[in-house]
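Please read the notes below with the model open beside them.

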Amino acid sequence: MTKNEILEKVQDVLRECFDDDELDVTMETTAADVDGWDSLRHITILAALEDEFRIRFSMNDARKAKNVGDLVDVIERLVKW
């Protein structure tokens with residue numbers, strides 16, 4: 001699975017979490033760029049991504065992720081296709 005394919009799936013998950021079909025994210029998108037992305041929503045997003053990709057984020061991975069690109073990198077590392 002390529003980074004672009006992972007990014008597309010991450011965007012789909014984010015659109016679902018924010019109930020916003022128009023939400024567009026890039027590798028550089030941060031929580032501050034998206035209205036309503038607070039710490040509680042972040043936990044919901046991580047759980048949804050874990051379900052989507054059948055992975056588990058470590059606390060370290062979750063803490064280090066500063067933008068969507070960081071999440072994509074972690075997912076790419078953890079996914080066993």
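Are H1 and H2 parallel, perpendicular, antiparallel or oblique to each other? The points below lead to the answer.

1. This is a predicted model, in which local features need pLDDT of at least 70 and side-chain atom pairs count only at pLDDT 80 or more, while totals for chains, interfaces and linings use all residues. Residues are numbered from 1 along each chain as its sequence is written, and side-chain values use heavy atoms, leaving out hydrogens and water.

2. Helix H1 covers residues 3-18 (helices are DSSP runs of H or I, at least four residues, numbered from the N terminus). Its 16 residues should span 22 Å at 1.5 Å a residue, and the end C-alpha atoms are 22 Å apart, which agrees (the expected span is 1.5 Å times one less than the number of residues).

3. Ile-6, Leu-7, Val-10, Gln-11, Val-13, Leu-14, Cys-17 and Phe-18 are the buried residues of H1 (under 20% relative accessible area with a 1.4 Å probe, protein chains only; exposed is over 50%). They cover an arc of only 165° around the axis, so they lie on the same side of H1 (the arc is that of the directions from the helix axis to the C-beta atoms). Asn-4, Glu-8 and Glu-16 are exposed on the other side.

4. The buried residues of H1 pack against helix H2 (39-53) and helix H4 (68-78) (contact means heavy atoms within 4.5 Å).

5. H1 and H2 pack at an angle of about 130°, their axes 10 Å apart (axes are lines fitted to C-alpha atoms over the stretch in contact, and angles run from 0 to 180 degrees between N-to-C directions). The two helices are therefore oblique to each other (angles under 35 degrees count as roughly parallel, over 145 as roughly antiparallel, 65 to 115 as roughly perpendicular, and the rest as oblique).
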